[in-house]
Amino acid sequence: MTAATSAPAENLRINSGRLWDSLMEMAKIGPGVAGGNNRQTLTDADAEGRAVFQTWCEAAGMTTGVDAMGTMFMTRAGTDPEALPVYVGSHLDTQPTGGKYDGVLGVLGALELVRTLNDLDIRTKHPIVVTNWANEEGARFAPAMLASGVFAGKHTLDYAYGRTDLEGKTYGGELARIGWKGEEEVGARRMHAYYELHIEQGPILEAEGREIGVVTHCQGLWWLEFTLTGKEAHTGSTPMAMRTNAGLAMARILEMVQEVAMAHQPNAVGGVGQMQFTPNSRNVLPGKVVFTVDIRSPDLDKLTSMRSRIEARAAEICAGLGVECAVEPVGHFDPVTFAPDLVANVRAAAERLGYSHMDLVSGAGHDACWAAAVAPATMVMCPCVGGLSHNEAEEITPEWAAAGTDVLLHAVLETAGIAE
């Protein structure tokens with residue numbers, strides 16, 4: 001990686017009021033029930049948010065590109081026609097009960113970066129591409145980071161198009177329905193570098209009183225979807241010793257996942273956030289239970305060990321109860337080490353701007369994890385109140401948003417190069 005010939009001036013800052021206004025305007029699209037957002041991928045609300053974002057980007061002089069997974073690439077031209085672009089972005093889709101900032105700050109912060117360069121008539125040698133990755137959350141169509149995963153060659157397009165939601169609707173069908181299926185071949189674009197701004201989604205920065213997280217690594221994860229099959233039976237009239245109880249097997253597996261995660265401390269987590277009972281009736285033992293175990297660690301050996309132990313012990317638990325057990329991996333990436341020179345750019349930008357900072361390992365997965373497989377990549381993080389995310393009560397301050405975007409601006413300029 002090559003840096004600019006001179007560092008950006010210390011007084012170069014984004015328009016924090018404009019950034020905050022953009023965040024609040026986007027939050028009006030797909031409102032949640034408790035102050036956050038429900039703008040799940042490939043819904044009508046997602047389509048509306050995309051259209052507004054496109055309008056804002058084109059008003060800022062950018063051109064639109066959309067690939068066959070629905071990822072949006074908004075390009076600000078550079079002065080060197082041979083230079084590969086610097087990509088900057090995140091995602092606009094949300095959880096069903098999501099906040100106003102998770103992902104959105106990274107996309108609109110990248111837009112604000114371009115708007116600021118326009119205001120100051122600063123040209124860059126490399127083009128800058130503001131990116132809205134499709135289906136980062138994976139809430140509707142598992143796995144998470146689906147579009148960036150196809151871009152990086154980790155999933156096939158057919159696999160992605162065939163993913164279904166809880167109603168049996170396919171990714172490919174819904175992408176076509178909302179009108180955002182692009183013509184570009186997924187993954188055909190080449191990147192000079194990739195930067196992503198994100199809220200921490202954890203409590204560390206706030207607890208340490210730091211304004212900026214310099215993200216050095218991202219922990220790896222496995223999403224393991226369990227399907228347990230027992231026998232539907234009346235809860236009142238079926239003797240305890242004669243039950244084939246898939247719900248009981250699930251409960252014992254959940255406790256076991258906790259035990260396995262604790263046995264792999266430090267730097268390992270595990271839990272279950274989604275489950276479905278069938279028939280889901282008060283007085284019927286479930287004949288089928290489907291749930292997803294989420295395990296993560298920045299240590300590949302620990303991650304591999306956790307998966308092995310969980311699957312082996314789950315099989316033992318189910319066999320003891322006469323319950324059938326099937327496991328399908330529906331999401332995975334190995335731990336990621338971000339590009340040291342880009343990490344150094346972020347750290348130097350924070351220091352130049354006078355923002356308190358610390359090195360950080362991302363606990364959540366991000367599109368940057370897949371982008372790092374095809375180009376140098378890194379992330380910038382800002383705090384969020386109480387570490388709360390994937391929740392409608394998710395909150396940040398305008399000052400935190402501005403600090404993260406200021407650092408993003410300076411780091412990107414180091415890589416994109418200020419034109420003479």
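Q: Where in the chain does Asp 102 lie?
A: This is a predicted model, in which local features need pLDDT of at least 70 and side-chain atom pairs count only at pLDDT 80 or more, while totals for chains, interfaces and linings use all residues. Residues are numbered from 1 along each chain as its sequence is written, and side-chain values use heavy atoms, with hydrogens and water left out. Helices (H or I, at least four residues) and strands (E, at least two) are DSSP runs numbered from the N terminus, and in these terms Asp 102 lies in the loop between strand 3 and helix 3.

Q: Is Asp 102 buried or exposed?
A: Buried means under 20% relative accessible area, exposed over 50%, and partly exposed in between, with a 1.4 Å probe and protein chains only. Because its relative accessible area is 5%, Asp 102 counts as buried.

Q: Which residues does Asp 102 touch, not counting residues up to four places away in sequence?
A: Contact here means heavy atoms within 4.5 Å. On that criterion, and with the sequence neighbours up to four places away set aside, the residues that Asp 102 touches are His 91, Asp 93, Glu 137, His 198, Ile 199, Gln 201, Ser 389, His 390 and Glu 394.

Q: What is the largest C-alpha distance among His 91, Asp 102 and His 198?
A: An unreviewed UniProt entry covers His 91, Asp 102 and His 198 with the annotation "binding site"; UniProt positions are given in the numbering used here, feature names are shortened, and annotations may be inferred rather than shown by experiment. Although these residues are spread over 108 residues of sequence, they cluster in space, with a largest C-alpha distance of 9.8 Å.

Q: Which residues of the "binding site" feature at Asp 102, Glu 137 and His 390 are included in the lining of the largest cavity?
A: This feature also comes from UniProt, in an unreviewed entry, and its residues, spread over 289 residues of sequence, cluster in space with a largest C-alpha distance of 9.6 Å. On a 1 Å grid over the protein atoms alone, a cavity is a set of points where a 1.4 Å probe fits but cannot get out, and lining residues have an atom within 4 Å of a point. Of this set, the lining of the largest cavity includes Asp 102, Glu 137 and His 390.

Q: How many of the residues of strand 4 are buried?
A: Both faces of strand 4 are covered, with Ile 128, Val 130 and Asn 132 buried on one side and Val 129 and Thr 131 on the other. For strand 4 (residues 128-132), the count of buried residues is five of five.

Q: Which strands stand at the edges of the open sheet of four strands?
A: The order in this sheet is 9-11-7-12, with antiparallel pairing. Each edge strand has a single partner strand, so one side of each is left without a neighbour in the sheet; the two are strand 9 (269-278) and strand 12 (324-333).

Q: What angle does the direction of helix 8 make with that of strand 9?
A: Axes are lines fitted to C-alpha atoms, for helices over the stretch in contact, and angles run from 0 to 180 degrees between N-to-C directions. Helix 8 (residues 246-263) packs on the sheet and touches strand 7, strand 9 and strand 11, and its direction makes with that of strand 9 an angle of about 170°.

Q: What is omega for the cis peptide bond that joins Gln 265 and Pro 266?
A: Most residues other than glycine have a negative phi, and most peptide bonds are trans. For the cis bond joining Gln 265 and Pro 266, omega is about 0°.

Terms used
Two strands pair if DSSP finds at least two bridges between them. On a 1 Å grid over the protein atoms alone, a cavity is a set of points where a 1.4 Å probe fits but cannot get out, and a pocket is an open set with protein on both sides within 12 Å along at least five of seven lines; lining residues have an atom within 4 Å of a point.
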